[in-house]
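Visitor: I would like to learn how to read side-chain pairings and a sheet from a set of coordinates. Could we take the features in turn, with the general idea before each case?

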Amino acid sequence: MTPPASPASRWSLAFLTSLSHHGVRHVVVSPGSRSQALALAAEALSRHPDEPLHLHVVIDERSAGFFALGLAVQTTSPVALVCTSGSAPAHYLPALIEAKHSGIPLIAITADRPSELQGVGANQTTQQPGMFGPAVHDVVDLPAPEDGDTLDTQARAVAADIVRSAGMGAAAGRSGPVQLNVAFREPLSSPLSAEDLSHHLQASTIFGADSSGGEGEGHRVLTLKPRDGTIVVAGHLAGKEAEALAVDIGAPLLAEVHSGAHFGPHLVIPYRKLLNNPPEGVSITRVITVGRPTLSREVQALISRDDIEQLVWQRGEPEPANPSGVASVADQITVAEPATKSQSKEWVTPWLRAARQLIESDSAALDPPTPAVELVDSEDMAERSRFAKAEMEVLRLPLTRRHIAREVWEATWPHDALVLGSSRMIREFDTVVRGKNIPVWSNRGVSGIDGNIATARGIARAHGIEGAHGMTRLVLGDLALLHDAGSLLLDRGEAEQSRLQVIVVRDGGGSLFDLLEAKQTTESDAFDRVMFTPAHADLAALAQAYGWSYRHCDNLGDLVEALADQTSPLLVDCVVPRGDTAT
């Protein structure tokens, strides 16, 4: 007996084909009964040769949310999430909060019970519309689809509206997450024929530029001229435009490692120390902040000053970096007259000279002597032996955070992707690595511990689908790994189509908290229990359980070999002392 046709399936097919044609190329599904029409329609569309929709299945909604976030970061396009009713959508909240504060367009499609099952004690039913509060730009609540001539048209219109809302967001021109809550009645799905697919693919409207957002009303532009005493600070979401601005305006560039601007001739690497002790004879009178800085107290103190001119180029973030309360905020900053070479040299050179001196001093104090490379070709066997011995001594050095940051940075190139957890190691990278124009991402919207593995997986998956051959590397601490351990479970085919290394810096707990003042004023056992929170797990067994390859690293040589390993997915377990270099 043929099951009755389901309005849920018809609506889902019309909606998803239109969603795809309005620029959504990825749908991340978590399994459930109430959402089955959407899930089955997405699966059917993903197999159709004429449809560019990619389906990903992630069983845990929290992982799914961050996986979708990684896909959206890499593709710079909206990504859809699909889940069932009840507690399932609540697990999206951490990822949606991160997306809100990072300006990332996620579309959370939450299936729901119809109106007659609301408020009557029905199973797996709660108040879903609005459950994400201010974490989403918009909430659309739809009643259960009903058969009729307008069902397909209504579904397509909803798709166009929801993509536009995610692209524009609450603040004009800024992307962000939205919730589409849609009820479904039984029958919750029905078979989809080839004719159904072809009909909806032909009927859907083609993606238009108006759905992707753009400049909103009141677009704010500041046009500046070069001036001595100007500093450019680049934070979260700053992008390469911050580096170009620093060069054009003739100013030193203080760029966080994940800003997208950590490169170029004006980059000042040890900016923390120089803000505490500026080069002799210089005075900061104007600060241009691009994006939102989040990594150092020194920069926060600088942009909080109300006695100097503060300008903010607000990028994708919904809230401009204006702790001083006196900044002029713009959507675009341009330079009317680029700085001359002499102007740039006069103001930038003292910063770069002081930075070079600090770097050389740190290297002399903290780095091992470099083996004399010329001895490799010496005809003297003893000299060649001395070189080999010195090289071996370097490779046998116990690992430090500084080693890990430098080696990972050196191993990463523009065709790769680097993801940094939001705890201690990103600060280590920010302190020691040289300028290099490579793609770096970190979830710094709210800088949470959650979802790092899932985000890196999303970036790696999109990389693979785009045909990129680079490696995606995630560097995180052991607590962040254990917090997101469930995200080590890969979707079908993901391991073969993604290249991913997860590098765990294992010091036994949350050593970032050791840098807080409370460490010096609290009894050690109490501090360790509630702050450091020591945690131990067999990472080799964990990797095996999820089908990952595993390498253990105790010394620098182990790490160098691991980074050269092309096996994927690979978990690299790096053991460092808890009290290693503070940043």
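Visitor: Which side chains meet Arg315 in a salt bridge?

Guide: Side chains of opposite charge can pair when their charged atoms come close. Here the partner of Arg315 is Glu241, with 2.8 Å from N to O, where a salt bridge means a side-chain nitrogen of Lys or Arg within 4 Å of a carboxyl oxygen of Asp or Glu. This pair links distant parts of the chain, since Glu241 belongs to helix H7 (residues 240-249) while Arg315 sits in the loop between strand E11 (309-313) and strand E12 (328-330), 74 residues apart. Helices (H or I, at least four residues) and strands (E, at least two) are DSSP runs, numbered from the N terminus.

Guide: Bear in mind that this is a predicted model, in which local features need pLDDT of at least 70 and side-chain atom pairs count only at pLDDT 80 or more, whereas totals for chains, interfaces and linings use all residues. Residues are numbered from 1 along each chain as its sequence is written, and side-chain values use heavy atoms, with hydrogens and water left out.

Visitor: How many salt bridges does the structure hold?

Guide: The structure holds 22 salt bridges. One of them joins Arg185 to Glu146, with the closest N and O atoms 2.6 Å apart; Arg185 lies in the loop between strand E6 (178-183) and helix H6 (194-203), and Glu146 in the loop between strand E5 (138-142) and helix H5 (151-168), 39 residues apart.

Visitor: Is Asp565, which pairs with Arg551, buried or exposed?

Guide: Asp565 is buried, at a relative accessible area of 16%, whereas Arg551 is partly exposed at 25%; buried means under 20% relative accessible area, exposed over 50%, and partly exposed in between (1.4 Å probe, protein chains only). Their salt bridge spans 3.0 Å from N to O.

Visitor: In what order do the six strands of the open sheet run?

Guide: Strands of a sheet pair through backbone hydrogen bonds, either parallel or antiparallel. In this sheet the pairing is parallel and the order is E15-E14-E16-E17-E19-E18, two strands being paired if DSSP finds at least two bridges between them. The edge strands, E15 (440-441) and E18 (549-553), each pair on one side only. Strand E14 (residues 417-420) pairs with E15 over two bridges, and Val419 has Trp441 as its bridge partner in E15.
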